[in-house]
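Q: I have a structure open and would like to go through it piece by piece. Can you take some quick questions?

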Amino acid sequence: MKWNGELLKSVCEQRGLSKLKLAEQLAVSRQTVYSWFADQVPKGHHLLKLCNVLGVEPASLFESEPSVVSVPVHRAKSNAKVTKERRQISHEVAEDFAPLFSGVSRAELLPVIRTDGFDENKVRETAAKLRQLAGIPEAKPCTYEHVFGLLSKLGCYVVFVPFPAEVKSYAFYSEVHGHRVVFVNRHSNVLDLVFFLLHEAVHAAFDEQKEISSELEDFCDAVAGQVQFPPEYIQFVKGLLTKLDDAQQASIIKKMAVENGHALYGLTKILFPDNKPLHGIVSKIDNGLRKNILTLDGLFFKSGESSGFLSIYRLLSPLFYSLIQSRADSLSARRVGELMGLESELDAAQVKTLIAKKQEP
Amino acid sequence: MFVLCDTCVLLMLLRIAPDMLIDSRFNCVAPRQMRDEIFKTQKFKEKYPWRVRFGAKVQTLPESIFETVEYKRSQEIVKLTASNINEKNGKPFGLSHADKAIAACVVAFEYQLSTGDTDLRSYLNQEFGVSNVSPLEIINDWLARKLMDWDDNKQAILEDWRRCEEHAQPKEQIKAFEAITGRTYPAY
């Protein structure tokens, strides 16, 4: 919302109030009233008095501004549907961060993906480019460290926030003041995140349109799948599973999953798309693995120290870390805590002091 | 009414007057966020292990006040002015949702603010002419109204402030304290 002196002028005219009369009623100088008419925002206590004297709602003296946020949540967890409400809530999450990005200049050169189609060849080409950019060793699956590194190379600010329950998503890509921003649900288990973050990374690399077609969504899924599990890895695992029963196959897949830091379910679905009993077995194993693998919250607060928290933050989200660092002197301690999702776990004042010192944690 | 928005200040004052948030004569209130910070933050668990003794004493502002017309009007004004430029540094104020809620309470109910946060202080001072109240000023108020006697135990707590890196108190309040109690304020 932006102050508009013309709106005040018009309300005064409607009520037959001259500048002088208004100035008298508010106990301010005529010059002050002139400045409000000329778009100077009144101080809070003047605004309160103005609304009481004129009998108007404060917002009626301000004009709406176009949103600087686009692309709210477009992909929900498993069976959840993307609804208008979900989009609206995620939009509000992103809007809350918008002032932080205001006036921040965008990097001149960012990697961009262009494709003239969404066929299998394009999926392979795009996945290969992204794997190369992320520095993932050949024939190896993509880990969560790789995907955060990839987001950083794509110029994405990664923001970790606890999502409202209604959002039902692990992550969503957004453009905020023209910057690529990926919001990640802080309560997610890192085991579940890789595919969804890769999906958002593909959107980011496209320099997203405001409307997302189902064709593009399918393309992003296909690319994310191949970045996470390259065909060579799939073939290798497949070779290990021949002539084994479901339980033996699940056991081998578990071994590979633990070694390479991924969940079993995604890989199993690629290997055996129609074997429902096996899907059931590996889902249970995944649930067991999740108990031993940290959520993002667990990762951030593992050390119980502000310096440890900042080290992890800087590693996973260097661009957003630097942004907070550059703005720390004009943010209240609680705002720093809110932006970094401290949720009272750590002392926000201490975190602000440490980050503002501009020393490496 | 003093609204206490600094965790360390709140904890120190609770040791001096444990009933300050449940006995209305002390004129003190605390926002809900203070309770979360005191009991959930790792640093406070380690730095102030004794804080658990005050669990039942830390009562916070009732949710009903956030439904009042006065609060809602102030909340809207705060929302519209919270991104104004801070005249001290030329940058927009960067307040959290909790800061804005506290500011709206201060404006709606004419509370007096006590916080160590410079941004919240600057915002309320610049936009609403609200000054910050130091914790020693609050103690002096209690003493002047004879709500408690000053003894060696309380003096020892005050000496602890320095150990806990509490901010230095205003000179005029130190003078007032010494005049009321006849004791020397622990030197910084």
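Predicted model: local features only at pLDDT ≥ 70, side-chain atom pairs only at ≥ 80, totals over all residues.

Q: OK, chain A on its own. How many helices and strands?
A: Chain A has 18 helices and six strands. Its C-alpha trace spans about 95 × 45 × 40 Å along the principal axes.

Q: What share of chain A is buried?
A: Of its 361 residues, 40% count as buried. As for contacts in chain A with a separation of 6 or more, 67% come from residues 24 or more positions apart.

Q: In what order do the strands of the open sheet in chain A run?
A: The order is β3-β5-β6-β4, four strands with mixed pairing. β3 (69–70) and β4 (157–161) of chain A are at the edges with a single partner strand each, so each has one side without a neighbour in the sheet.

Q: And β5 with β6 in chain A, parallel or antiparallel?
A: Antiparallel, over six bridges, between β5 (residues 171–176) and β6 (residues 179–185) of chain A. A:Tyr173 has A:Val182 in β6(A) as its bridge partner, and A:Ala171 stands opposite A:Val184 in β6(A).

Q: What about the hairpin of β5(A) and β6(A), how many residues between the strands?
A: Two, and A:His177 in that hairpin takes a positive phi near 50°.

Q: Why is β6(A) called largely enclosed?
A: Because seven of the seven residues of β6(A) are buried, the rest of the structure largely encloses that strand. A:His179, A:Val181, A:Phe183 and A:Asn185 point one way from β6(A), while A:Arg180, A:Val182 and A:Val184 point the other way, and all are buried.

Q: Which helix lies across β5 and β6 of chain A?
A: α8 (residues 190–205) of chain A, running at about 25° to β5(A).

Q: Next, the largest nonpolar core. Which residues have the most contacts inside it?
A: A:Val147, A:Val158 and A:Ala201, in a core of 90 residues. The largest share of this core comes from α8(A), with twelve residues.

Q: What does A:Ala201 touch?
A: Not counting residues up to four places away in sequence, A:Ala201 touches A:Leu130, A:Val147, A:Leu150, A:Leu151 and A:Leu154. Another core, of 51 residues, lies apart from the largest one and has B:Cys8, B:Leu10, B:Met34 and B:Ile77 among its residues.

Q: Back to α8(A). At what angle do α8(A) and α9 of chain A pack?
A: About 125°, with the axes of α8(A) and α9 (residues 214–228) of chain A 8 Å apart. The two helices are therefore oblique to each other. The crossing of α8(A) past α9(A) is right-handed.

Q: Which residues meet there, between α8(A) and α9(A)?
A: From α8(A), A:Val194, A:Phe195, A:Leu198, A:His199, A:Val202 and A:His203; from α9(A), A:Cys220, A:Asp221, A:Val223, A:Ala224, A:Val227 and A:Gln228.

Q: What does A:Gly261 touch?
A: A:Thr143 and A:Tyr144, leaving out residues up to four places away in sequence. A:Gly261 and A:Pro141 are 8.1 Å apart in space, C-alpha to C-alpha, and 120 residues apart in sequence.

Q: Last one, chain B. Which residues of helix α7 are buried?
A: In α7 (residues 135–144) of chain B, they are B:Pro135, B:Leu136, B:Ile138, B:Ile139, B:Asn140 and B:Trp142. The buried residues of α7(B) pack against β1 (2–4), α1 (7–16), β5 (112–114) and α9 (171–181) of chain B. Just after α7(B), B:Lys146 has a positive phi of about 55°.

Note on methods. Residues numbered from 1 in each chain as written. Chains lettered and ligands numbered in written order. Pairing = 2+ DSSP bridges. Contact = placed C-beta atoms within 7 Å. Axes fitted to C-alpha atoms, helices over the stretch in contact; angles between N-to-C directions. Core = buried A, V, L, I, M, F, W, Y, C linked by C-beta atoms within 7 Å. Buried ≥ 20, exposed ≤ 12 C-beta atoms within 10 Å, placed from the backbone. Parallel < 35°, antiparallel > 145°, perpendicular 65-115°, else oblique. Left-handed = near helix turned anticlockwise from the far one by under 90°.
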